[in-house]
Amino acid sequence: MTRFERLFEVFEGADCALITSDINRRYFTGMKSSAGVILAFPEKAYLLIDFRYIEKARATVRDAEVIEMKKLYPQIKELLKNHGAKTVAIESETMTVKELHAYEHFFTDYEFIHNDSLSNAIAALRMTKDSEEIECIKKAQAIAEKAFDELLGFIKAGVTEREIALELNRLMYAYGAEDLSFDTIVLAGANTSMPHGVPSDKKVESGEFVLMDFGAVYNGYHSDMTRTVCVGEPDDEMKKVYDIVLKAQLAGIEAAKAGITGSELDKVSRDIIEKAGYGSCFGHSLGHGVGMEIHEKPNASPNYKLPLNEGAVVTVEPGIYIAGKFGVRIEDFVILTENGCENLTKTAKTLISL
């Protein structure tokens, strides 16, 4: 069954779907581009794309007829007429108001459905990863882990956060990354108390934590992991906090399975940190979905009351951040199964002293 066929099994809000976002075009057709429009009907789908991409599209697009885009609106109108369509659903989360007004101005005889029905249906499809998607995610993670393993020999007192980040990025590209999952985070010393700090020219000093949050992209799919290591020997408080975070993270992974709600999973790890007296130092959610975007549904957060679905890929990343002193975060990501999960992150989590 194609992804378009799966879409129309769960979506009945309009005669056809107009898909314009870069990521969802790639999800449905396998084609990466910065332009193009999908018009999908229950019986057939079309990708309209301009001359710059037409050769590649004809060679790579799956499950949709490729049409060279020359006069977009008249071409869309002709397809709507051929399929007897009168209502068109748009991606409410990504189409701008300006774009919607332009379509409505030209297509006066058609109704555009701009509630969340299409965006929600696509998000629901993307939450459950198929075997092809899982393979890409595993390859992305393998790239990131290989880069991290080599990076450990580079980290030492005197190098800067920025230098470590640049070397990690270089290694991920060298080992086959199509892109970075996000701007790599490398923080040292007191800066590690900022969950999403930006690498600076601060030099690593002996006895400091170095926190690294990073990921690689392979064939459109992201990986995501965080490791906290120490240059030199950590003091007793650093060891204590690291052990608490690791305990919370392992408990979260143990509890992760299809059917548990996002808030329930978050609570498993959060309770451990709160009971240890550091609840106010864990201010973000436990995790989020990962796939063609680095943050996508479902979420493991206090406010996500829905069950997590089988086949979802979700991070488990508790942290403790003590302002002005240090922070620790440990992040793996897992595939949820009926009875548990498969951890995609193979790198060890015992505290490394370099």
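**Sheets, helix packing and local geometry of the predicted model**

C16 stands opposite V88 in strand β5. These residues belong to β1 (residues 16-19) and β5 (residues 87-90), which run parallel and are joined by three bridges. Strands here are DSSP runs of E of at least two residues, helices are DSSP runs of H or I of at least four residues, and both are numbered from the N terminus. Two strands are taken to pair if DSSP finds at least two bridges between them. The structure is a predicted model, in which local features need pLDDT of at least 70 and side-chain atom pairs count only at pLDDT 80 or more, while totals for chains, interfaces and linings use all residues. Residues are numbered from 1 along each chain as its sequence is written, and side-chain values use heavy atoms, with hydrogens and water left out.

Strands β1 and β5 form part of an open sheet of six strands, with mixed pairing and the order β4-β3-β2-β1-β5-β6. Angles between axes run from 0 to 180 degrees between N-to-C directions, the axes being lines fitted to C-alpha atoms, for helices over the stretch in contact.

Helix α5 (residues 97-106) lies across β1, β2 (37-40), β5 and β6, and runs at about 155° to β6. Helix α6 (residues 117-127) lies across β1, β5 and β6, at about 80° to β1. Contact is defined as heavy atoms within 4.5 Å.

Helix α5 also packs against helix α4 (residues 72-82), at an angle of about 60° and with the axes 11 Å apart. The crossing of α4 past α5 is right-handed; a crossing is given this hand if the near helix is turned clockwise from the far one by less than a right angle, and is left-handed if anticlockwise. L72, Y73, P74, I76 and K77 of α4 make the contact with A102, Y103 and F106 of α5. By class, these residues comprise seven nonpolar, no polar and one charged. Ala, Val, Leu, Ile, Met, Phe, Trp, Tyr, Cys and Pro count as nonpolar, Asp, Glu, Lys and Arg as charged, and the others, Gly among them, as polar.

A second open sheet has three strands in the order β7-β10-β11, with antiparallel pairing. Its edge strands are β7 (179-180) and β11 (221-222), each with a single partner strand, so one side of each is left without a neighbour in the sheet. Two bridges join β7 to β10 (residues 216-218), and D179 has V217 in β10 as its bridge partner. Helix α7 packs on this sheet, touching β10 and β11, and its direction makes about 140° with that of β10.

The crossing of α7 past α8 is right-handed. The contact involves I143, A144, A147, F148, E150 and L151 of α7, together with I164, E167, L168, L171 and M172 of α8. Nine of these residues are nonpolar, none polar and two charged.

The axes of α9 (residues 236-255) and α10 (residues 262-275) come within 8 Å and cross at roughly 155°; α9 and α10 are therefore roughly antiparallel. This crossing of α9 and α10 is right-handed.

The count of salt bridges comes to 23, a salt bridge being a side-chain nitrogen of Lys or Arg within 4 Å of a carboxyl oxygen of Asp or Glu. One of them joins R3 and E133, with the closest N and O atoms 3.9 Å apart. R3 lies in helix α1 (residues 3-10) and E133 in α7, so the pair ties together parts that are 130 residues apart in sequence.

Most residues other than glycine have a negative phi, and most peptide bonds are trans. D63, which is not a glycine, has a positive phi of about 70° and lies in the loop between α3 (51-60) and β4. A cis peptide bond joins K297 and P298, with omega about 5°; P298 is found in strand β14 (residues 296-300).

Definitions and conventions: Angles under 35 degrees count as roughly parallel, over 145 as roughly antiparallel, 65 to 115 as roughly perpendicular and the rest as oblique.
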